[in-house]
Amino acid sequence: MRSSQALRREEPNGLNADLAHYWRDGYAIVRGFFSTDEINEIAEALDQVYAEGAAHGRCFRHGNLFYNVARERDGGEPLVRMVQWPSYHQPVLNGVRLDTRFVDLLEPLIGRDLKQIINQVHWKVPGSLGDFAWHQDSRFRRPPEAYRNLATAYVQTGLAIDPHRTESGCMRFIPRSHLRGDLAMDCSRKAMGTAMTNAPLDQVGLSAEGAIDVLLEPGDLALWSPYLVHGSGKNSSDHKRRLYINGYVRAGDCDRGEWAFRDGRPVPFGAKPALVHYEDLHERPGPHYTD
């Protein structure tokens, strides 16, 4: 039964991701992509961003920057579940997304001219609303005409800031599920905050018995295809579980997103934010609460 197996290679890989494994199984893991000292600095930056979200006490948006904030069911302190595009104002996180190690790693997959369509942090506090239902990231690539060649032009990356274990709600991948393309999985409920159940898998002919737990140490990087079926469960450990996600795309295959690298060189933000997923960016760019 593969669901009890864990994806955890013991040898460090540096920048040498197993790209054949990525194309075959839909994911790859790079051990020690960032050093301990670098992760400690990133963790401090994430604490700052979390405090900003908690201070708002509710969901807040300013352009592409978005804080997804909830309250625990018992009326406790605000819970920051996700922040999108914190790099607009957080220099450490901005430096990470433009680190040339990313373009060096991704060049064999998607080239040296890269835009970025995902820049976000996920927190899983112990016992909190941190589940992610089984899904494909392709469901979020809308409108479809703006996102071309999903299978070969897009790579999602997730940098572990804390240990990712089964008990802390690590990601779970279903290897080779990406080979079937867009499965039109049920999107009637949001993936974030919805418990993992077998029903969405049953509907598309998959099984959780084929899933692998993605065990990561701080500094490890996971890469996965936008068509790979994945999810994660509740954090039942005694520590938070943070993941810094940066999604890159071959520039010629996407009409949206912020430039990240031109010919392998980092590209700073322009004077105005680019259209990514927030459709009302130009009509309502100013700061406002969304709930």
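Which residues line the largest cavity? The lining consists of Ile 117, Asp 137, Arg 141, Tyr 154, Val 155, Gln 156, Pro 226, Gly 247 and Tyr 248. The elements that give two or more residues to this lining are β8 and β13, and β8 gives the most, with three residues.

The structure is a predicted model, in which local features need pLDDT of at least 70 and side-chain atom pairs count only at pLDDT 80 or more, while totals for chains, interfaces and linings use all residues. Residues are numbered from 1 along each chain as its sequence is written, and side-chain values use heavy atoms, with hydrogens and water left out.

Helices (H or I, at least four residues) and strands (E, at least two) are DSSP runs numbered from the N terminus. Buried here means under 20% relative accessible area, with exposed over 50% and partly exposed in between (1.4 Å probe, protein chains only).

Two strands are taken to pair if DSSP finds at least two bridges between them. With strand β13 (residues 241-250), β6 pairs in the antiparallel sense over 10 bridges; Asn 119 has Asn 246 of β13 as its bridge partner. Strand β5 (residues 78-84) also pairs with β6 in the antiparallel sense, over three bridges, and Val 83 stands opposite Val 121 in β6. Strand β14 (residues 258-262) runs antiparallel to β6 and is joined to it by three bridges, with Phe 261 of β14 as the bridge partner of Leu 114.

**Helix α2**

Helix α2 (residues 36-56) has 21 residues, which at 1.5 Å a residue should span 30 Å; its end C-alpha atoms are 31 Å apart, which agrees. The expected span is 1.5 Å times one less than the number of residues. Buried residues in α2 are Ile 39, Ile 42, Ala 43, Ala 45, Leu 46, Val 49 and Gly 53. An α-helix has 3.6 residues a turn, so residues three or four places apart point the same way. The buried residues of α2 pack against β4, β5, α3 (91-97), β6, β8 (154-160) and β13, where contact means heavy atoms within 4.5 Å. Just after the helix, Gly 57 takes a positive phi of about 75°.

**Pockets and cavity**

On a 1 Å grid over the protein atoms alone, a cavity is a set of points where a 1.4 Å probe fits but cannot get out, and a pocket is an open set with protein on both sides within 12 Å along at least five of seven lines; lining residues have an atom within 4 Å of a point. Grid points are joined across faces, edges and corners, and a volume is the space filled by probe spheres set on the points. Ala, Val, Leu, Ile, Met, Phe, Trp, Tyr, Cys and Pro count as nonpolar, Asp, Glu, Lys and Arg as charged, and the others, Gly among them, as polar.

| Space | Volume | Lining by class |
|---|---|---|
| Largest pocket | about 980 Å³ | 16 nonpolar, 11 polar, 10 charged residues |
| Second largest pocket | about 220 Å³ | six nonpolar, four polar, four charged residues |
| Largest cavity | about 50 Å³ | five nonpolar, two polar, two charged residues |

The largest pocket is lined by 37 residues, of which Met 82, Gln 84, Gln 120, Phe 140 and Met 192 lie nearest its centre. Elements giving two or more residues to that lining are β4 (65-71), β5, β6, β7 (132-135), β12 (230-232) and β13.
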